[in-house]
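Please look through the structure below slowly, with the sequence beside it, before reading on. The paragraphs that follow lead from one part to the next.

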Amino acid sequence: MVKGTLFYEGKAKKLFRTNDSAVVWAEYLNQATALNGVKKDQINGKGELNNQITAYVFDFLKTKGINNHFIKRVSSTEQLIQSLAIIPLEVVVRNVAAGSFSKRLGIAEGKILDQPIIEFYYKDDSLDDPMVIDAHITYLGLASDQELEQLRQLALKINQALKELFDSIEIVLIDFKVEFGRQKDGTILLADEISPDTCRLWDKKTNEHLDKDIYRRDLGDIVPVYQEVLNRLEKRGK
């Protein structure tokens, strides 16, 4: 596989074309951002950790029958992924009240929700990624009613698998964000990444943060925290 030209650079990764049009070369960056990019810092080692954690989690999800775009890791910070047309929606699943959910609704952080709550956000930096409802999504032509139902079912299936995975390493899955993309035939696959950047993870015994809230809230260095998550996953095995 030959790494080609850069065609996308986001907050957390760069994407390159390859000599196979069906395959994309992803490079994870040592960059941390928060508040839709208002806060930004270079953090050595972060890209390597997110690459490894995402690779582990996506491989695990495949064992649970959840197809995704991950192919394989090719270096400490790089991986090969399937080329998809990304649906410009962030799908957020919440198991425990935290973050913006708590602020919006006045619910104390840490309150366990009766059932998972799914929210959709329109991926548009110029609009600060606003929350949207089904009618907004179909009006904008982002996804059909049938696809939205499929996204909900996939998100719940991913949630169940991730809760199982993190519970096995003494971590509570508070909430997480996922993205999806379409193959040429319209098949929807899980895409992007799953890491402490995209999940809220609390230690089961201490409730200590093991995620990007460490950076968002200026609580310390995220590298040892992300390393702890990776260490627990690797100790668990696949």
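How many residues lie between E1 and E2 in the hairpin that they form? There are three residues between E1 and E2. Before going further, note that this is a predicted model, in which local features need pLDDT of at least 70 and side-chain atom pairs count only at pLDDT 80 or more, while totals for chains, interfaces and linings use all residues. Residues are numbered from 1 along each chain as its sequence is written, and side-chain values use heavy atoms, with hydrogens and water left out.

Helices (H or I, at least four residues) and strands (E, at least two) are DSSP runs, numbered from the N terminus, and two strands pair if DSSP finds at least two bridges between them. By this rule strand E1, residues 3-9, pairs with strand E2, residues 13-18, in the antiparallel sense over four bridges, and Lys-3 stands opposite Thr-18 in E2. Another hairpin is formed by E6 and E7, with four residues between them. Here strand E6 (residues 70-73) runs antiparallel to strand E7 (residues 78-82) and is joined to E7 by three bridges, and Lys-72 has Leu-80 in E7 as its bridge partner.

The next step is to see how the chain is divided. Domain 1 covers 3-82 and domain 2 covers 85-221, with bounds that come from an automatic or database domain assignment; the C-alpha centres of domain 1 and domain 2 are 18 Å apart. Contact means heavy atoms within 4.5 Å, and in this sense 28 residues of domain 1 are in contact with 23 residues of domain 2. The size of an interface is often given as the accessible area lost when the parts come together. Buried area is this loss of accessible area for two parts (1.4 Å probe), summed over both, and between domain 1 and domain 2 the buried area is about 2,200 Å², with 57% given by carbon and sulfur atoms. In domain 1, the residues that lose the most area to domain 2 are Asn-36, Lys-39 and Ile-66, which together account for 21% of what that side buries.

Polar and charged pairs also cross this interface. A polar contact is a pair of N or O atoms within 3.5 Å; within protein, one must be able to donate a hydrogen and the other to accept it, and residues adjacent in sequence count only if both atoms are side-chain atoms. The rule finds 18 residue pairs in polar contact across the interface of domain 1 and domain 2, both residues being at pLDDT 80 or more. A salt bridge is a side-chain nitrogen of Lys or Arg within 4 Å of a carboxyl oxygen of Asp or Glu, and six salt bridges are found across the interface of domain 1 and domain 2. On the side of domain 1 that touches domain 2, strand E4 (31-34), E5 and helix H1 (46-63) each supply at least two residues, and H1 gives the most, with nine residues.

Lys-39 deserves a separate look. Lys-39 is found in strand E5, residues 39-42, and is buried, with a relative accessible area of 19%, since buried means under 20% relative accessible area, exposed over 50%, and partly exposed in between (1.4 Å probe, protein chains only). The side chain of Lys-39 makes a polar contact of 2.5 Å with the side chain of Asp-218.

For the salt bridges, where do Asp-175 and Arg-94 lie? The side chains of Asp-175 and Arg-94 meet in a salt bridge of 3.3 Å, N to O; Asp-175 lies in strand E12 (residues 171-182) and Arg-94 in strand E9 (residues 89-96), so the pair ties together parts that are 81 residues apart in sequence. Asp-175 is buried, with a relative accessible area of 4%, and Arg-94 is buried, with a relative accessible area of 4%. In another salt bridge, the side chains of Arg-104 and Glu-119 meet at 2.6 Å, N to O. Arg-104 is partly exposed at 40%, whereas Glu-119 is buried at 7%.
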